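Here are my notes on the model, as numbered points. They cover a pair of helices and a sheet.

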Amino acid sequence: MKKLLIAGALFSVTCILPAMAQQEPAAEDPLLKIYRETPAKINDLVHTKLDVRFDYKKRYLYGKEWVTLKPHFYATDTLRLDAKGMDINNISIVKNGKNTPLKFTYDSLTLAIKLDKVYRNWETYTIYIDYTAKPDELKVQGSAAINDARGLYFINPDGTEKDKPTQVWTQGETESSSAWFPTIDHTNQKTTQEISMTVPAKYVTLSNGRLASQKLNGNGTRTDVWKMDLPHSPYLFMMAVGDFKIYKDKWRGREVNYYLEPKFAPYAKDLFGFTPEAMEFFSKKLGVDYPWNKYSQIVVRDYVSGAMENTTATLHGENVQMTARELIDAYYDFGRSTVAHELFHQWFGDYVTAESWSNLTVNESFADFSETMWAEYKYGLDEGGAHIQGDLEGYLRDGHAKSLDLVRFHYADKEDMFDNVTYAKGGTILYYLRSYLGEEAFYKGLNIYLKTNAFKNGEAHQLRLALEEASGLDLNWFFNEWYFNAGHPILDISYKWDEGAKTQTVYVTQSQDGDAFILPIAVDIYAGGKKERHKVWLRNKADTLTFKVASKPNLVNVDGNKALPTKKTDKKTIEEFAFQYNNAPLYVDRLEAITAAGNQQTDKTARKILTDALKDKYYG
Ligand SMILES: [Zn+2]
């Protein structure tokens, strides 16, 4: 019992990426009154070419940028770019290889550039910008999810901290890439990319896409050029520079590699070695092969969050990195679920990107859910059940979360979207939706969503339409309940057997505030040595279900898939719970029985459940 419960408790703590604060904002925060509209697309990014050098002493980046754009629809002669706390030395329009300076104003956050003429949306144009990024001088604030927003980080740049390597790395999400290059820093922009990085020759570099060239400069520096030929959003741009050893792996002939500090290099395979297997698993499940040319993972020092799914180049904090001794004890731990989570983002987040922070669910709820998918596949259904149960408990513990819609256009700060609703509750909603639609229809829907919106953006609506197309079922009611509304059903379940009429009655009441949830569920009736499944719908604040059964059931198991995101009081007898412990198939079936037994330890049957639980097959 202890193992089972402890494991459950551990997952509750570790399954959420990143760890989130649970604070109650002031009731009438005026910021919550602001409608957070999706950023208008006046100009579209097309291609971003950067040439950067680093000044470790000053913590500066000296940058040259050639950014190609076009008006989205309406003709325009102005361009606004996000550029945080930079020195702007020159802005020019590039024509026939010649730079002509443009007029601009700059308020330390946004560049307003007057173009040389009115451009139509079939005309692309290229702007050259000479700038200095000064991330350490930025006045910025992060959030519970990402506790800083400098965009570019110099770690031990003077080498004065003993036993700490010198590194440079970036963190774009949410809107911090514009702290190291001017861009339209919105998720609904996508651009191809080329970055030329000049660094001390002793260091290794990593960025998105492929390493196109390397050139020694003769002055102790080297210039690496990285090219990303497929478009992605600016917040997914990344760079890392430092002393890393590269472990080379492969998936279907594509480069998969792990960048670790030399002392951790011997454990690269232990930490990340299952990555190709996970790429294969997710590719097959989704019916969309891993969409990018390579997949790298790097572990850096002093990272400001858990991990980040930069396209083709995931960046991990040190918490993923353990020595072999520690790995022996690790099972499906934080690091391993993080590897799955960030990998899944390469589809849900990078290939199809949330259109705005309000719709973050189409990135993060999926990445959260993927941790359970991987647990089920790699470690078995119990591990998957334990993981999603951890999500549910994490959400239910968060008192504020129940008042928030999954998709919401009112928030005090965009960082607030990275919460228990978007991650944990969102994961449980997908788990429930999969249970309702069935595996095949659910994954076919995800396949349609990905293919329809590839290299573009998605909202909850696109997801609904894709799932409807796959299943042929209307899902407006489901999305209205779970995506565009707050809270969860609070169920009270009680039972009555009528021996004369051979009828089993189940009373289910919903006591949450507001309307009743419409809830399709399975009810499993165990009687006469066999199990019969009934698919039923709860639609009211009080529902009465009746079933004809030949003999008194040993167990009536409401929500036989244990998929419903709910808080419930289930008034089974301890004998029924004992039967459930021994006969119902799922981790949560046993967890419920153990929990019930733990509450009545003077009872003999309860004690038997608890004794049996000590030998439970999960972690047993
Ligand atoms: Zn994530």
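1. In this predicted model, helix α5 crosses helix α6 in a right-handed sense. Helix α5 spans residues 334–345 and helix α6 spans residues 361–379.

2. Two packed helices are described by the angle between their axes and the distance between the axes. For α5 and α6 the angle is about 125°, and the axes lie 8 Å apart.

3. On the α5 side, the contact is made by R336, S337, A340, H341, F344 and H345. Their counterparts in α6 are N363, E364, F366, A367, D368, S370, E371, M373, W374 and Y379. By class, the residues of this contact comprise seven nonpolar, five polar and four charged.

4. Elsewhere, an open sheet is built from three strands, ordered β3-β7-β6, with antiparallel pairing. Strands β3 (76–82) and β6 (103–106) are at the edges, each pairing on one side only. From one strand to the next, the twist averages 25°.

5. Which strand does β6 join through four bridges? The partner is β7, residues 110–119, and the two run antiparallel.

Definitions and conventions:
Residues are numbered from 1 along each chain as its sequence is written. This is a predicted model: local features need pLDDT of at least 70, side-chain atom pairs count only at pLDDT 80 or more; totals for chains, interfaces and linings use all residues. Side-chain values use heavy atoms; hydrogens and water are left out. Two strands pair if DSSP finds at least two bridges between them. Axes are lines fitted to C-alpha atoms, for helices over the stretch in contact, and angles run from 0 to 180 degrees between N-to-C directions. A crossing is left-handed if the near helix is turned anticlockwise from the far one by less than a right angle, and right-handed if clockwise. Contact means heavy atoms within 4.5 Å. Ala, Val, Leu, Ile, Met, Phe, Trp, Tyr, Cys and Pro count as nonpolar, Asp, Glu, Lys and Arg as charged, and the others, Gly among them, as polar.
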